Amino acid sequence: MRANKGITIIGAGLAGSLLAIFLARRDFDVSVYERRPDLRRQDLPAGRSINLALAHRGIRPLKALGLFEEVRKLLIPMRGRLLHVEHGRLELVRYGRTPAEIIHSISRPGLNRLLMDAAEAAGARLLFGQRCDDVDFHSGAVLFTDEATGRRQVVNAAPLIAADGGGSAVRQAMVKHLDIQVTEDILPHGYKELSIPAAAGGRHQLEREALHIWPRGGYMLIALPNLDGSFTATLFLANRGAPSFAALQEPEALLAFFQKEFPDALSLIPNLQEEFYRHPTGMMGTVHCPQWHVRDRTLLLGDAAHAIVPFHGQGMNCAFEDCLILDGCIAEYGDDWEKVFAEFTRLRRPDAEAIAEMALENYAEMRDAVRDPKFQLQKQLGFLLEERHPGRFIPRYSMVMFHHLPYAEARRRGLIQQAILDELTAHADAIGQVNLLHADELIRRKLGDTVGEA
Ligand SMILES: Cc1cc2nc3c(=O)[nH]c(=O)nc-3n(C[C@H](O)[C@H](O)[C@H](O)COP(=O)(O)OP(=O)(O)OC[C@H]3O[C@@H](n4cnc5c(N)ncnc54)[C@H](O)[C@@H]3O)c2cc1C
């Protein structure tokens with residue numbers, strides 16, 4: 001007979017479902033309360049981040065649980081950014097130095113369904129249509145409302161792990177009852193999802209194994225491939241000003257904007273108007289929360305603790321890495337939750353701040369810098385220096401996407417490397433003009449040891 005200790009998770013999204021598997025495999029009696037209906041039994045609302053980029057940090061926890069072979073069936077490799085520069089010209093900027101250094105497009109609902117099935121198979125109990133409304137951090141009582149019937153119930157739910165996303169109700173309860181000062185930096189830009197359907201026979205209409213970007217300076221359109229031959233495109237644009245979502249309220253303005261800025265994409269999006277006005281304009285922002293846990297009662301994890309803007313494609317990857325690190329803390333401290341939660345917070349907060357910064361910086365890179373010849377020269381030089389100094393000089397993008405050294409360390413080394421690249425390319429327009437002996441000396445002097453990854 002199992003006499004397992006109970007634990008409650010709020011949210012059966014990407015992080016909550018994955019965490020449920022980790023905890024159930026450690027023989028906890030896991031209950032997951034999810035606000036929405038079971039997405040395995042219904043269609044998802046249109047226009048909400050249909051696909052995502054999965055990278056090394058997200059893959060590691062999946063491998064640790066033996067789930068990656070199943071997940072692999074949902075993946076489309078993306079080898080680089082395919083830039084649609086003005087006048088329809090295409091340029092591929094590869095992501096990594098080696099063919100193995102790629103990221104993958106994956107369907108969000110497809111992955112979420114797989115994780116929910118695996119969580120139930122591991123013994124977790126998933127309860128749907130249950131909205132968490134409030135938490136009493138002294139007694140451990142949680143107030144839930146059944147979304148279908150409106151019936152309210154109070155459940156004794158300590159310890160409680162909140163994986164209820166960027167708008168976390170649990171975090172809001174911490175603000176309300178514990179007087180915590182949370183900052184939510186909302187980006188003045190929003191996003192809109194649009195679809196590029198498959199061509200006849202399920203063929204992709206654009207290069208399949210790439211992340212497409214139409215960089216236009218202050219804004220951009222991107223598109224990620226789906227397995228059915230379609231692409232999900234996302235327009236990132238200012239909410240106000242010119243151009244902006246506010247300025248595109250009339251169909252004529254929308255059409256003129258696409259004709260001028262994205263003529264090749266326009267011909268691939270047959271339902272532009274209908275989708276543009278039906279799909280919601282999504283909000284993006286960064287959550288800075290100074291406290292992630294309440295004694296041994298409650299922990300925030302994933303977007304609930306540290307939502308970030310999506311431009312490094314790391315929100316889910318980071319949330320998955322959270323689950324692996326929390327599992328490591330449990331391996332060390334068992335069910336001494338106060339120690340587990342405190343250690344998790346100590347390990348993860350500096351990293352969450354670092355990836356939040358890097359994600360914001362990446363917006364400027366994707367929509368603008370990628371077009372700059374200096375940026376492309378530095379990218380090329382970065383790969384060359386990595387080849388000359390393996391494990392010591394690793395381009396920052398690669399440290400974030402293809403390695404798992406802590407984000408804060410990636411950011412710290414990235415800043416030193418950027419200074420080195422700036423110095424080396426200050427008077428160079430081509431790789432042949434870079435003084436590589438000076439580069440070697442700078443790297444040895446400024447970067448010190450190679451990075452150690454467990
Ligand atoms: C446009 C866009 C593109 C993105 N692209 C990428 C990408 O390419 N790569 C990447 O790694 N990340 C990406 N992200 C980020 C990624 O979506 C999030 O970081 C990730 O979903 C976080 O997982 P989570 O489980 O913490 O939160 P969520 O996925 O938001 O899950 C939260 C769950 O909690 C439930 N919930 C919410 N409130 C309650 C409540 N009160 N009671 C009960 N349940 C509740 C929700 O219904 C949901 O199921 C992107 C985000 C956006 C907006």
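How many bridges join S4 to strand S7, and which way do the two run? Three bridges link S4 with S7 (residues 103-107), and the pair runs antiparallel.

## Ground rules

Keep in mind that this is a predicted model: local features need pLDDT of at least 70, side-chain atom pairs count only at pLDDT 80 or more, and totals for chains, interfaces and linings use all residues. Residue numbers start from 1 along each chain as its sequence is written. Helices (H or I, at least four residues) and strands (E, at least two) are DSSP runs, numbered from the N terminus.

## The three-stranded sheet

S7 belongs to an open sheet of three strands, ordered S3-S7-S4 with antiparallel pairing; strands pair if DSSP finds at least two bridges between them. Strand S3 (51-54) and strand S4 (76-78) are the edges, each pairing on one side only. On average, neighbouring strands are turned by 35 degrees against each other, direction ignored. Axes here are lines fitted to C-alpha atoms, for helices over the stretch in contact, with angles from 0 to 180 degrees between N-to-C directions.

Met78 sits opposite Ile103 in S7. H4 packs on the sheet, touching S3 and S7, and its direction makes about 80 degrees with that of S7. Contact means C-beta atoms, placed from the backbone, within 7 Å.

## Helix H1

The twelve residues of H1 (residues 14-25) should span 16 Å at 1.5 Å a residue, and the end C-alpha atoms are 17 Å apart, which agrees. The expected span is 1.5 Å times one less than the number of residues.

Eleven of the twelve residues are buried, Leu14, Phe22 and Ala24 among them. Buried means 20 or more other C-beta atoms within 10 Å of a residue's own, exposed means 12 or fewer, and partly exposed is in between, with C-beta atoms placed from the backbone. The cover includes strand S1 (6-10), helix H2 (56-64) and helix H10 (315-333). Just after H1, Asp27 takes a positive phi of about 70 degrees.

## Around the ligand

The ligand has 33 residues around it, the closest being Gly11, Gly13, Gly165, Gly302 and Gly315; near means a C-beta atom, placed from the backbone, within 6 Å. H10 supplies the largest share of this shell, four residues.

## His404

His404 lies in the loop between helix H13 (396-401) and helix H14 (407-425). It counts as partly exposed because it has 18 C-beta neighbours inside 10 Å. Leaving out residues up to four places away in sequence, His404 touches His56, Arg57, Arg60 and Glu453.

Note on methods
Contact = placed C-beta atoms within 7 Å.
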